[in-house]
Amino acid sequence: MKYQLEISNILEVSNITKSYGDLKANDNVSLSIKDSSIHALLGENGAGKSTLVKIIYGSLTPDSGEMKWANNKYSPKSPFQARENGIAMVFQHFSLFESLTVEDNIILGLDGVGLNENFSEQIIKYSKQYGLDINPQQVVGDLSVGARQRVEIIRCLMQNPKLLIMDEPTSVLTPQEVADLFITLKKLAADGCAILYISHKLEEVREICSEATILRGGKLVQSCIPQEHSQKELAEMMIGKKLTELARTNINVGETIFSIDNLSRKSDDIYGVNLKNIALKMSKGSIVGIAGVAGNGQDELMELLIGEIPSPKAILNFNGQDIGLLNSHERRQLSMFFVPEERLGHGAVPDMSLDENMLLSRPDSTEMTSHDVIDWEKVAVHSKTVIDTFDVQTPSSRMLAKSLSGGNLQKFMVGRELIQNPELLIVAQPTWGVDAGSANNIHQALIELADKGSAILIISQDLDEILSLCEQIHVLSEGQLSDAVDMKSEGLEKISQLMVGGKV
Amino acid sequence: MNESLFINIVIGISIASVPLIFAAIGELLVERSGVLNLGVEGMMIVGALLGFVVMSHTQNSYLAVLAAMVGGMAIASIFAFLTQFLLTNQVATGLALTLFGLGFAAFAGRGYTEETIQLITAVPIPYLSDIPYLGPLLFSFNPLVYLAFFMVYLVWWFLFKTKQGLILRAIGDNHDAAHAIGHNVVRYRVMAILFGGAMAGIGGAFLSLVQVPIWGEGMTAGRGWIALGLVVFASWQPFRIIFGAILFGGITILQIHAQGLNINVSAQYLSMLPYLATIVILVSLRMRLKNKTNRTVPNCLGRIFHSTT
């Protein structure tokens with residue numbers, strides 16, 4: 001008899017089903033992860049990725065189905081049991097404690113580690129070994145998003161896991177950080193740790209994952225080798241229909257509609273970024289992008305653009321009018337619309353319904369009132385238009401904003417502003433947390449708006465997004481805005497250089 | 001001022017501050033876990049009554065103190081059940097607890113208003129208490145006084161030197177994250193609430209077993225509320241509770257002695273002082289924190305935790 005050499009599976013998931021009421025979040029899902037492999041889990045928002053991962057990590061118990069871990073039956077009752085077996089997880093919404101130090105945060109995630117005096121040395125050792133730069137004594141609340149993720153990863157690595165689950169790890173990182181993370185992940189896989197990698201970014205998946213499992217609507221679509229399919233094919237498997245090609249049909253750049261003239265502002269927050277001499281000109285019909293790593297002044301700039309903080313005179317000019325002292329409602333009345341980055345709190349009132357949030361951002365609510373009294377049916381019609389056009393997954397427009405998943409709420413908020421046909425739309429992170437199909441919709445809608453002659457300013461960390469949409473690209477770094485980068489002569493390299501703090 | 005008066009004042013201040021220290025250090029731990037229990041006054045008064053009743057029947061001071069703790073915990077357990085399992089609003093539940101405690105104690109204590117008991121007396125520590133000045137100032141107190149200061153140390157040690165303490169602080173900071181990495185939010189909070197009840201109970205009993213030998217309706221006289229203020233005053237740092245309690249206790253005692261010393265200040269002004277001080281401190285704390293990332297207030301304070309899994 002001949003032995004056939006077989007690569008064994010570290011984890012086998014068979015026929016998992018999990019329902020919430022009528023909704024089947026996971027419907028008969030199976031998946032196998034090979035030893036030391038990087039395995040992608042793909043799917044749209046609400047496809048059931050999070051549910052499946054939570055089941056593997058022991059936070060949820062499946063209704064039926066079973067799992068095998070290293071060929072033994074595995075049914076974790078809690079994350080503790082998952083960790084005991086060697087499964088670690090980096091959460092999408094980081095499970096970090098802002099008021100505590102990096103060291104305390106790491107200790108909290110490690111079972112059986114007490115408050116040891118020289119624990120920070122071990123943290124530094126791991127951080128050097130995997131090239132993840134962190135200072136154990138810093139308070140997490142002061143760290144950038146990228147640094148927070150490094151804390152999460154180190155916390156996982158210190159458990160010496162056999163399987164590391166990563167939920168959307170690159171959505172917040174710079175290209176350089178992504179490259180560093182991939183080196184770390186490849187090193188980890190080479191050291192014998194399998195990785196389950198959840199992402200929307202198909203190019204990344206094709207770059208580092210050796211296998212991919214695709215979910216749609218809670219069901220398994222298929223498992224495949226991502227390199228054998230194009231990015232477009234993978235996206236279409238995820239959404240179950242054809243993607244629209246993004247292309248401007250009518251680039252008709254007109255006169256200047258909006259300008260920022262030498263804007264400087266010292267931040268009120270001691271951890272904030274001071275803005276220095278920001279200047280920008282936007283023409284009608286143009287899509288302008290501001291790239292940059294989070295925490296380089298995006299939030300501060302957005303506050304000024306939205307009108308949460310007034311600007312001095314003669315700096316912000318919209319259609320020949322000085323708007324520096326106008327508040328955001330008055331700016332909206334002039335047809336400037338905004339989608340702030342922070343969905344809950346800035347973009348939407350978490351404890352109000354979608355209808356109420358719809359009404360709140362209207363500069364002119366006459367079409368939703370009768371005799372100055374709110375007509376909720378009319379409001380609901382408007383909400384429904386947005387919900388249908390942008391494929392927002394929600395049972396009704398009366399749902400509270402906070403009850404929607406991040407990606408869904410994002411779709412609603414972008415849609416809410418877009419249907420106003422703004423002359424100028426300022427949008428931060430338009431597709432943050434949104435899956436490929438919906439991102440495609442949002443991008444398409446932005447392009448259509450610009451084709452009609454509106455100007456759009458996109459502030460995004462997602463460089464691919466900026467590159468595919470914008471004709472005029474600036475980089476915000478340490479509170480300074482670069483001149484427009486000439487994509488023909490300088491291109492991507494110049495942008496990356498500027499993003500990591502090269503001279504403006 | 002002669003030296004015996006000075007010693008009397010110091011001892012008086014210490015005695016006056018002890019109930020506040022007990023109640024506040026218990027509440028501090030509760031709030032560090034992210035729970036706001038406004039029922040301190042109610043738990044204190046029940047502790048005061050139960051301590052008194054058990055003392056009057058058994059003449060056993062250990063049993064009396066133990067009963068006070070159990071009484072405080074029993075009331076706290078109502079709060080724990082309602083807020084942690086039935087997810088009721090913490091502010092409303094805490095207020096109800098105070099009103100319930102005051103009413104219940106007044107009702108159950110009707111038969112004891114005429115009685116007096118033997119006070120728990122000071123136990124001077126042999127030899128040490130004979131040291132001039134220091135002896136009477138530091139080593140001649142009631143054991144409960146030492147216990148109060150020790151509890152402050154113990155809570156500090158627990159919060160900052162043990163893993164469980166770290167977990168408790170983490171739960172107060174972000175209960176969803178704590179749950180996600182597998183810590184039992186509800187269990188920690190229930191334990192903290194019960195501890196807060198026990199401490200409030202002893203604090204109340206100190207009034208009826210050490211300060212005065214009688215039971216009177218409403219004898220806590222708002223100390224539970226001052227204890228709540230003290231936690232904020234201390235910005236959730238255990239040792240600052242002592243400082244705050246001494247300040248508050250001190251004003252009360254100075255009020256008494258000012259009259260004896262013929263200092264002509266109206267008693268009403270003096271009795272206003274602790275409350276004015278609370279407001280001033282709350283405002284100044286807020287001013288100081290104005291533009292900073294919040295580090296002191298537990299982020300989840302008063303928020304309901306509802307596990308989705």
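**Exercise 1. Determine how many residues of chain A are in contact with chain B, and describe the chain A side.**

Solution. 24 residues of chain A are in contact with 19 residues of chain B, where contact means C-beta atoms, placed from the backbone, within 7 Å. Next, take the elements: helix 2 (79-85) and helix 3 (102-108) of chain A each supply at least two residues of the side that touches chain B. Helices are DSSP runs of H or I with at least four residues, numbered from the N terminus. Helix 3 of chain A gives the largest share of that side, 3 residues. Finally, sort by class: 12 residues of this side are nonpolar, 7 polar and 5 charged. Here Ala, Val, Leu, Ile, Met, Phe, Trp, Tyr, Cys and Pro count as nonpolar, Asp, Glu, Lys and Arg as charged, and the others, Gly among them, as polar.

The model is predicted: local features need pLDDT of at least 70, side-chain atom pairs count only at pLDDT 80 or more, and totals for chains, interfaces and linings use all residues. Residues are numbered from 1 along each chain as its sequence is written, with chains lettered from A and ligands numbered from 1 in the order in which they are written.

**Exercise 2. Describe how domain 1 and domain 2 of chain A meet.**

Solution. Start from the bounds: domain 1 covers 9-239 and domain 2 covers 256-499, as given by an automatic or database domain assignment. The C-alpha centres of the two domains of chain A lie 31 Å apart. Then count contacts: 15 residues of domain 1 of chain A are in contact with 16 residues of domain 2 of chain A. On the domain 1 side, helix 6 (175-190) and helix 8 (231-239) of chain A give two or more residues each. Helix 8 of chain A gives the most, with 3 residues. By class, this side has 7 nonpolar, 6 polar and 2 charged residues.

**Exercise 3. Classify the packing of helix 1 of chain B with helix 9 of chain B.**

Solution. The axes of helix 1 (residues 3-32) and helix 9 of chain B come within 7 Å and cross at roughly 170°. Axes are lines fitted to C-alpha atoms over the stretch in contact, and angles run from 0 to 180 degrees between N-to-C directions. Angles over 145 degrees count as roughly antiparallel, and helix 1 and helix 9 of chain B are therefore roughly antiparallel to each other. Their contact has 18 nonpolar, 5 polar and 1 charged residues.

Notes
Two residues are in contact if their C-beta atoms, placed from the backbone, lie within 7 Å. Angles under 35 degrees count as roughly parallel, over 145 as roughly antiparallel, 65 to 115 as roughly perpendicular and the rest as oblique.
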